Amino acid sequence: MTSFNIPPITRQGFSIKSRICGFFGTSKRKILQSHRVVTAEQEQEEQEDMESILKPLRDGESVLDLSPRSTVSGGVEDVYGEDRATEDQLVTPWTFSVASGYSLLRDPQYNKGLAFTEKERDAHYLCGLLPPTVITQQLQEKKLMKSIREYQVPLQKYMAMMDLQERNERLFYKLLIDNVEELLPVVYTPTVGEACQKYGSIFRRPQGLYISLKEKGKILEVLKNWPERSIQVIVVTDGERILGLGDLGCQGMGIPVGKLALYTALGGVRPSACLPVTIDVGTNNEKLLNDEFYIGLRQKRATGKEYYDLLHEFMCAVKQNYGEKVLVQFEDFANHNAFELLAKYGTTHLVFNDDIQGTASVVLAGVVAALKLVGGILADHTFLFLGAGEAGTGIAELIALEMSKQTKAPIEESRKKIWLVDSKGLIVSSRKNSLQHFKKPWAHDHEPLNNLLDAVKVIKPTVLIGSSGVGRTFTKEVVQAMTANNEKPLIMALSNPTSQSECTAEEAYQWSEGRAIFASGSPFDPVEYKGKVYVPGQANNAYIFPGFGLGLVISGTIRVHDDMLLAASEALAKQVTDENYNKGLIYPPFTDIRKISANIAANVAAKAYELGLATRLPRPADLVKYAESCMYSPVYRNYR
């Protein structure tokens with residue numbers, strides 16, 4: 001390895017620190033407002049949204065208020081696409097010195113394996129360290145896909161992909177992008193659920209940052225240990241509610257790692273700008289506490305003040321270290337913490353909860369697209385949910401918001417078209433005093449009903465949505481009752497992984513005699529019924545969050561507003577073609593996901609500019625082209 005003395009580099013982000021500190025004060029708000037053209041009617045509509053539920057927890061603050069509590073010093077300037085000028089442009093593989101020889105082969109960001117040219121091998125002291133043959137990235141991809149397909153166990157495929165990510169980053173993303181429909185279930189749900197359950201046993205090299213109670217008081221120092229400085233997206237979990245599998249503690253790290261892999265592959269956010277984080281406050285899973293291979297704190301979960309103090313220190317440290325425009329995505333927190341964190345930091349940080357907001361956006365897109373098959377507008381339909389947690393109530397609120405905007409009716413009226421069933425039965429007004437705050441808006445006047453089947457028979461919904469996390473709860477009787485009430489019932493079994501899905505695609509089609517329009521959270525194979533092939537849709541959050549995050553990053557957005565979620569849903573629904581509809585699909589194929597993500601990013605960015613929350617000025621003339629130009633490319637670069 002050849003080292004050079006490198007003069008200190010002054011990053012622009014640090015040199016303008018004083019300006020960033022005051023950037024979001026009164027003067028900045030005036031600048032942003034000057035780019036915002038909003039009618040009085042729109043102003044009124046903005047008040048009638050999901051924030052009506054969160055505002056009481058925020059002491060009446062809105063994300064548009066730019067709370068004075070939000071100003072924290074620090075951060076770096078966003079320089080997007082710095083490694084992506086043109087694919088044929090020469091770049092220098094810097095680490096702290098020029099990466100050469102053996103160290104270059106061990107650096108996943110720059111390693112190309114046998115694809116290093118003879119000229120590059122001479123220049124970077126690789127001669128003799130590699131076999132003499134030189135092959136293309138395409139041939140490497142073909143060889144690896146052949147190898148992965150030979151594995152029979154999904155977890156083996158997952159481990160093979162993670163090994164590839166750790167040794168050759170660009171080849172990992174090239175495989176994932178080019179084979180997204182085949183590999184998405186491997187790197188994410190359902191396989192990632194099993195990987196998290198066995199994370200201690202398959203753990204090889206650490207990925208991401210582990211912040212535990214041991215780091216209390218020094219979280220900022222821990223963040224500085226991460227080698228990358230220009231972070232744009234953080235996905236953080238505390239492991240308490242991993243998919244439908246419950247408390248997996250520190251082993252929930254597989255979720256942030258998997259989500260960020262999709263941010264890059266599907267949304268084009270640079271890998272170096274992504275940071276997976278697990279907050280370890282213990283676990284209440286006795287099996288893990290007694291497992292000799294468990295990698296986390298061996299103690300019961302911290303709660304109350306101890307828990308929230310640690311999270312607050314983390315959120316403050318993130319902004320201080322990375323700045324105002326870093327996106328923090330909360331992932332797989334338990335219901336009681338998820339709503340609290342979103343309410344608390346929604347007005348002071350750029351935060352997004354995929355379980356509440358991402359799921360809501362992707363489901364709304366599917367429902368809007370399905371209207372072309374079932375007819376009518378949103379307000380013509382009655383919705384029944386099984387599951388009233390963060391996903392169920394988040395979806396319900398976004399549907400009510402869109403319904404309200406379409407009909408110009410108060411959101412309270414729109415909510416009356418939506419019913420929720422939890423573990424105790426139908427949520428009705430007589431239960432209001434015992435309900436958690438996020439369930440209260442859905443407590444309508446009605447006699448109590450103790451189970452889902454009775455609710456379907458009495459409420460007569462046209463749309464049935466499952467977000468319960470409990471498998472096989474859409475029974476044959478339930479599906480048949482839906483079919484008896486509707487010519488084309490829309491049934492969405494959203495719980496993950498596959499084992500927790502409320503019903504399978506085969507069950508939905510058979511029990512409805514082929515009349516159901518079906519979508520699920522986890523993938524199902526096409527089903528043949530009475531000579532016709534039905535292709536189930538997948539209401540996967542991966543349609544939304546990569547493009548949504550990209551839109552926030554490229555526009556320099558500083559807060560997430562509900563209207564941005566609606567913009568993402570509208571963009572996704574518009575990507576469904578007549579060819580897709582003819583197959584019974586209400587979502588476009590994942591093969592077009594990068595095009596879909598660019599359109600979602602453009603729509604989200606446009607809404608951010610409209611709301612005065614975007615800071616990257618001037619606004620690009622063509623936001624779709626700009627989003628595409630900002631996307632990370634996994635094609636190998638040529639080295640000097």
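This is a guided tour of a predicted model, stop by stop, with what to select and what is found there.

Residues are numbered from 1 along each chain as its sequence is written. Because the model is predicted, local features need pLDDT of at least 70 and side-chain atom pairs count only at pLDDT 80 or more, while totals for chains, interfaces and linings use all residues; side-chain values use heavy atoms, with hydrogens and water left out.

Helices (H or I, at least four residues) and strands (E, at least two) are DSSP runs, numbered from the N terminus, and two strands pair if DSSP finds at least two bridges between them.

Next select residues 233-237 and 274-280, which are S2 and S3, paired in the parallel sense over 5 bridges; within this pair Val236 stands opposite Val277. Contact here means heavy atoms within 4.5 Å, and angles run from 0 to 180 degrees between N-to-C directions, with axes as lines fitted to C-alpha atoms, for helices over the stretch in contact.

**The seven-stranded sheet**

Move on to the open sheet of 7 strands, whose order is S8-S7-S6-S9-S10-S11-S14 and whose pairing is mixed; strand S8 (425-426) and strand S14 (537-538) are its edge strands. Select 383-386 and 463-466 to show S6 and S9, which run parallel and are joined by 4 bridges, with Phe383 opposite Val463.

Helix H19 (residues 354-374) lies across S6, S9, strand S10 (490-493) and strand S11 (517-520), running at about 155 degrees to S10.

**Cys127**

Now select Cys127, in the loop between helix H7 (118-123) and helix H8 (137-150). Is Cys127 buried or exposed? Cys127 is exposed, with a relative accessible area of 52%, where buried means under 20%, exposed over 50% and partly exposed in between (1.4 Å probe, protein chains only). Leaving aside neighbours within four places in sequence, Cys127 is in contact with Arg121 and Asp122. Gly101 is 26 residues away in sequence, and its C-alpha lies 8.3 Å from that of Cys127.

**Helix H26**

Select residues 562-573 to see H26, whose end C-alpha atoms are 17 Å apart, in agreement with the 16 Å that its 12 residues should span at 1.5 Å a residue; the expected span is 1.5 Å times one less than the number of residues. Of those 12 residues, 11 are buried, so H26 is largely enclosed by the rest of the structure. The buried residues include Met564, Leu565, Leu566 and Leu572.

**The largest cavity**

Finally, select Tyr158, Met159, Tyr199 and Phe203, which are among the residues lining the largest cavity. Helix H9 (154-167) and helix H13 (199-202) are the elements that give two or more residues to this lining, and H9 gives the most, with 5 residues.

Definitions and conventions: On a 1 Å grid over the protein atoms alone, a cavity is a set of points where a 1.4 Å probe fits but cannot get out, and a pocket is an open set with protein on both sides within 12 Å along at least five of seven lines; lining residues have an atom within 4 Å of a point.
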